[in-house]
Amino acid sequence: MVGNSCKNQEPDLLTMTDYSNSEIPNILSVAIMEMCRVRKGEGFCPSEVVKWLYPESWHHFMEDVLREMMVLYQIGQIEVTQNQIPVPPDRVPVGEVRIKGKF
């Protein structure tokens with residue numbers, strides 16, 4: 001059953017690696033936090049982060065940036081809103097969201 005066994009399964013975006021105790025931070029987490037610092041309280045879309053890092057192939061990294069966004073949100077480093085309402089921290093939102101740093 002190796003090969004096609006995962007074909008129809010959607011990835012669980014909330015099964016995430018905990019980078020909070022890691023010596024090597026995830027580049028997307030670092031980029032999200034850097035964009036928060038640069039934006040100084042102004043919200044931005046997760047796609048802006050991956051477009052900044054990977055301008056030619058950003059769409060391939062959307063799932064990854066959403067996963068890292070939720071890790072940072074769950075540990076209280078950022079705010080994540082949809083239509084100016086905080087999203088539930090236990091599931092990845094569908095549709096457009098905004099990220100804002102908590103400094």
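Reader: Which residues in H1 meet which residues in H2?

Author: Ile27, Leu28, Ala31, Ile32, Glu34, Met35 and Arg39 in H1 meet Glu48, Val49, Val50, Trp52 and Leu53 in H2; contact means heavy atoms within 4.5 Å. This is a predicted model, in which local features need pLDDT of at least 70 and side-chain atom pairs count only at pLDDT 80 or more, while totals for chains, interfaces and linings use all residues. Residues are numbered from 1 along each chain as its sequence is written, and side-chain values use heavy atoms, with hydrogens and water left out.

Reader: Why are H1 and H2 called roughly perpendicular to each other?

Author: H1 and H2 pack at an angle of about 110 degrees, with their axes 10 Å apart. Axes are lines fitted to C-alpha atoms, for helices over the stretch in contact, and angles run from 0 to 180 degrees between N-to-C directions. Angles under 35 degrees count as roughly parallel, over 145 as roughly antiparallel, 65 to 115 as roughly perpendicular and the rest as oblique. H1 and H2 are therefore roughly perpendicular.

Reader: What makes H2 and H3 oblique to each other?

Author: Helix H2 (residues 46-53) and helix H3 (residues 62-74) pack at an angle of about 120 degrees, and their axes are 9 Å apart. H2 and H3 are therefore oblique to each other. On the H2 side the contact is made by Pro46, Ser47, Val49 and Val50, and on the H3 side by Met62, Val65, Leu66 and Met69. By class, this contact of H2 with H3 has seven nonpolar, one polar and no charged residues.

Reader: Why does serine 47 count as buried?

Author: Buried means under 20% relative accessible area, exposed over 50%, and partly exposed in between (1.4 Å probe, protein chains only). Serine 47 has 17% relative accessibility, so serine 47 counts as buried. Its place is in helix H2. Leaving aside neighbours within four places in sequence, serine 47 is in contact with Trp58 and Met62. Over the protein chain, buried residues make up 33% of the 103 residues.

Reader: How many helices and strands are there in the protein chain, and what counts as one?

Author: There are three helices and three strands. Helices (H or I, at least four residues) and strands (E, at least two) are DSSP runs, numbered from the N terminus. From the N terminus on, the elements run α-α-α-β-β-β.

Reader: How do you know that S1 pairs with S3 and with S2?

Author: Two strands pair if DSSP finds at least two bridges between them. Four bridges join strand S1 (residues 78-82) to strand S3 (residues 98-101), which run antiparallel. Two bridges join S1 to strand S2 (residues 85-86), also antiparallel.

Technical notes
Nonpolar A, V, L, I, M, F, W, Y, C, P; charged D, E, K, R; others polar.
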